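Take a look at the model shown below. This report walks through its overall build, its surface patches and its charged pairs.

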Amino acid sequence: MTINIALTKGRTEKMVLPLLKRAGMNIEPILNKGRRLIFNDDPNYHVILAKGPDVLTYLNGGAMDVGIVGSDILVEQRNPQYDMLDLNTGRCHFVLASTKDFDPGLARRKIIATKYPQITQDYFNTIGEDVEIIKIEGSVELAPLVGLADAIVDIVETGDTLRENHLQVYAELMPVSTHLVVNKLALKQKQGEIKQLLLQLQQAMQEAAL
Ligand code: PRP
């Protein structure tokens, strides 16, 4: 049976494709995709490219069997699907960041901008601080620079975005990496095929580490 895979497009896609190749998948059509979104050239694997939060929507709706997505999205969406494998790529982490003059001990209720309101709320709950959270869709770094927020909670990979915008880290939150998640029903119906895929990916990860 064909395994339907929803792959997060963009950075995750770039980092995971070499691993999928090593695991035996033909990734050429995806590398030369143009504006194509569905890749059904291989009878064993059909792949779609979707935005991270949508990957889980396709899985939850039963349209896809397997999702390849960042753990940031899994945690933010409180994902009910099966998290089967940490692919050990796309490693980055969450931080609290702001401008150099930010005072973490600010007496008033802070305003925090983020693409991840749930993760931000969890963090401030943990440290026992009540904050106002503003949801931003992208380029969150802008918010403290233009006075919309006191600080941000966001993902840092290379640190370039923070550096080039003169922002600094005030706290390190949790790490993030790319995970493989499986729809519950698919795990029952395509158990053999999914186990085989997991095995191939684990072998590919071991080879890559050598
Ligand atoms: C992510 C993140 C940071 C940036 C960090 O954004 O939200 O803005 O990458 O990467 P760096 O540490 O390597 O500079 P993304 O590029 O996904 O764009 P977006 O903010 O528009 O979602």
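## Helices and strands

Helices here are DSSP runs of at least four residues, strands are runs of at least two, and both are numbered from the N terminus. Helix H6 is one such run: it covers residues 142-145, and Leu-145 is found in it.

The model is predicted. Its protein chain has nine helices and 11 strands. The C-alpha atoms fill a box of roughly 60 × 35 × 30 Å along the principal axes. Of the 210 residues in the chain, 47% are buried.

## The annotated domain

UniProt, in an unreviewed entry, places the feature "domain: ATP phosphoribosyltransferase catalytic" at residues 53-202. Over residues 53-202, the chain is 34% helix and 31% strand. The end C-alpha atoms of this stretch are 25 Å apart.

Which residues form a nonpolar patch on the surface? They are Leu-142, Leu-145, Val-146 and Leu-148. Together they have about 370 Å² of accessible area. Leu-145 has a relative accessible area of 39%, so it is partly exposed.

A patch of positive charge also sits on the surface. Lys-9, Arg-35, Lys-51 and Lys-115 gather there. Lys-9 has its place in the loop between strand S1 (3-8) and helix H1 (11-22).

## Positive phi in two loops

Arg-78 has a phi near 50 degrees, a positive value in a residue other than glycine. Arg-78 is found in the loop between helix H4 (71-76) and strand S5 (82-86).

His-166 has a phi near 55 degrees, again a positive value in a residue other than glycine. The loop of His-166 runs between helix H7 (160-164) and strand S10 (167-176). Is His-166 buried or exposed? At 56% relative accessibility, His-166 counts as exposed.

## Salt bridges

Side chains of opposite charge can pair when their charged atoms come close. How many salt bridges does the structure hold? It holds 12.

One of them joins the side chains of Arg-78 and Asp-122, at 3.1 Å from N to O. Arg-78 lies in the loop between H4 and S5, and Asp-122 lies in helix H5 (residues 117-126), so the pair ties together parts that are 44 residues apart in sequence. Arg-78 is partly exposed, at 47% relative accessibility. Asp-122 is also partly exposed, at 27%.

Another salt bridge joins the side chains of Lys-110 and Glu-129, at 2.6 Å from N to O. This pair links distant parts of the chain, 19 residues apart. Lys-110 is in the loop between strand S6 (92-99) and strand S7 (111-114). Glu-129 is in the loop between H5 and strand S8 (132-135). Why does Lys-110 count as buried? Its relative accessibility is 3%, and buried means under 20%. Glu-129 counts as partly exposed, at 24%.

The side chains of Asp-86 and Arg-91 also meet in a salt bridge, at 3.4 Å from N to O. Asp-86 is partly exposed, at 28% relative accessibility. Arg-91 is partly exposed too, with a relative accessible area of 46%.

Technical notes. Residues are numbered from 1 along each chain as its sequence is written. This is a predicted model: local features need pLDDT of at least 70, side-chain atom pairs count only at pLDDT 80 or more; totals for chains, interfaces and linings use all residues. Side-chain values use heavy atoms; hydrogens and water are left out. Patches are made of residues with over 30% relative accessible area and no salt bridge: like charges are joined within 9 Å, nonpolar side chains (Val, Leu, Ile, Met, Phe, Trp, Tyr) within 5 Å. Accessible areas come from the Shrake-Rupley method with a 1.4 Å probe; for residues, only the protein chains shown count as cover. A salt bridge is a side-chain nitrogen of Lys or Arg within 4 Å of a carboxyl oxygen of Asp or Glu. Lys and Arg count as positive and Asp and Glu as negative; His and the chain ends are not counted. The place of a charge is taken as NZ of Lys, CZ of Arg, CG of Asp or CD of Glu. UniProt positions are given in the numbering used here, feature names are shortened, and annotations may be inferred rather than shown by experiment. Buried means under 20% relative accessible area, exposed over 50%, partly exposed in between (1.4 Å probe, protein chains only).
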